[in-house]
Amino acid sequence: MRFPILPGTTRSWSGKAVAVGFFLFGLVSAAPAAPLDELRALTQLPSLDLAALKRGNIVSERGPLGDFARGIHIESVYFIHALMDEVGTGLLRWNPLQHGNTAVSAYRAYELPAAADVFRTLNLESFSPDDQWLIEQTAQAARRGSSAELHLTSEEIALLQQKSNSPSEAWQEILRRRSEALMQGGLPGVPPYSDDKAISPATELRGLLSLAPKAASHFESLTQAKPLLGKGKAAKDAVAYWEAQRVRDHNTLQLGLRTALRGSGSWQLLDCAYYPSDTYFMALDMFQLWPVDGGTLVWQVSYVSAPFRSYLGGADRYVAGKLMSAEVLTTIKAYRAGLEKPH
């Protein structure tokens with residue numbers, strides 16, 4: 001789940017990737033009735049050709065802009081020539097560094113609560129062009145006591161000031177605290193992106209899910225479960241992670257969470273990048289997997305929230321949606337290439 005989709009932005013999806021329109025899968029006589037019945041109830045897309053999907057076709061479409069002005073979404077349907085359990089496990093444990101994602105320079109998966117050493121490998125290098133922007137913005141925030149670019153509360157800026165000689169240590173602590181807040185109270189317990197409480201991980205999740213109500217209802221068992229929320233049942237499979245990824249020509253630090261609900265006839269997965277250090281607010285990918293003819297049929301709904309400019313009347317969201325569509329296709333191809341490899 002995780003990427004800037006503002007105009008002029010580029011981002012390689014790591015498997016979350018991140019998030020994303022509505023893709024409807026229609027009646028296909030060769031496919032089992034159960035997956036088609038579910039898709040038919042969830043979507044409005046015209047009939048698709050299962051044979052074409054097996055040959056590598058990807059059906060993808062941007063969803064309506066909706067009333068949540070900070071969000072866009074895309075929906076996709078595709079086929080992976082691998083058993084469902086292998087696909088589900090692969091997506092849950094996806095490591096972008098192992099699949100040629102050159103935009104990701106650091107990645108660490110971990111179990112919640114995070115061990116003491118989880119963030120210690122985070123190291124901002126002054127000689128790295130990708131790190132320079134974040135280092136400079138961190139120093140400016142410490143000097144000024146505020147930042148218009150970074151997603152930081154006043155308490156976190158005070159931490160930057162205390163550790164002004166070691167920006168890496170400051171960011172290690174910021175990520176650790178936010179990860180701990182997720183563990184303790186779910187997204188509602190994670191601090192907002194600034195002192196303005198109107199925009200927070202919890203508000204962005206609610207807003208994004210409102211763009212596609214049927215998808216939100218379908219994946220409710222994941223979106224309403226711990227640790228994403230502080231209440232409800234705990235997801236059986238949960239993988240937290242942090243990463244450094246190049247976004248808009250500089251490295252952005254990100255916290256994310258993947259959860260899964262597995263069954264004998266289907267899997268559901270969620271990948272939520274709930275805290276980026278800058279540029280956008282949240283990226284969310286939700287996956288429904290069904291076993292079909294020895295492979296896996298995948299329905300993926302992807303979302304992103306960012307500080308779109310409302311005075312443009314949705315124009316920047318439209319442009320961002322086109323950029324996001326290209327990124328989603330790139331990521332899906334990476335999934336297939338990684339998961340269809342011989343074991």
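I began with helix α7 (residues 201-209), which I found mostly covered, with eight of its nine residues buried; by buried I mean under 20% relative accessible area, by exposed over 50%, and by partly exposed in between (1.4 Å probe, protein chains only). Helices here are DSSP runs of H or I with at least four residues and strands are runs of E with at least two, numbered from the N terminus. The buried residues of α7 are P201, A202, T203, E204, L205, G207, L208 and L209. I listed what they pack against, and found β2 (71-80), α8 (213-218), α9 (220-223), β6 (267-276), β7 (282-292) and β8 (295-305), a contact being heavy atoms within 4.5 Å.

I noted for the record that this is a predicted model, in which local features need pLDDT of at least 70 and side-chain atom pairs count only at pLDDT 80 or more, while totals for chains, interfaces and linings use all residues. Residues are numbered from 1 along each chain as its sequence is written, and side-chain values use heavy atoms, with hydrogens and water left out.

I then looked up the totals. The protein chain has 10 helices and eight strands, and buried residues make up 57% of its 343 residues. The chain exposes about 14200 Å², of which carbon and sulfur atoms supply 50%; accessible areas come from the Shrake-Rupley method with a 1.4 Å probe, and for residues only the protein chains shown count as cover.

Next I checked how two helices meet. The axes of helix α4 (residues 129-144) and helix α5 (residues 154-162) come within 8 Å and cross at roughly 100°, the axes being lines fitted to C-alpha atoms, for helices over the stretch in contact, with angles running from 0 to 180 degrees between N-to-C directions. On the α4 side the contact is made by T138, A141 and A142, and on the α5 side by I157, L160 and Q161.

I searched the whole structure for salt bridges and recorded 11, taking a salt bridge as a side-chain nitrogen of Lys or Arg within 4 Å of a carboxyl oxygen of Asp or Glu. E156 forms one with R178, their closest N and O atoms being 2.7 Å apart. E156 lies in helix α5 and R178 in helix α6 (residues 167-185), so this pair ties together parts that are 22 residues apart in sequence. I found both E156 and R178 buried.

Within α6, I found R177 and E173 four residues apart, about one turn of the helix, with their side chains meeting in a salt bridge at 2.9 Å, N to O. R177 is partly exposed, with a relative accessible area of 33%, whereas E173 counts as buried at 19%. I also noted that E155, E173, R176 and R177 are linked in a network of salt bridges.

For R108 and D117, I recorded a salt bridge with the closest N and O atoms 3.9 Å apart. R108 counts as partly exposed at 27% relative accessibility, and D117 counts as partly exposed at 37%.

I placed V319 in helix α10 (residues 315-339), and at 37% relative accessibility V319 counts as partly exposed.
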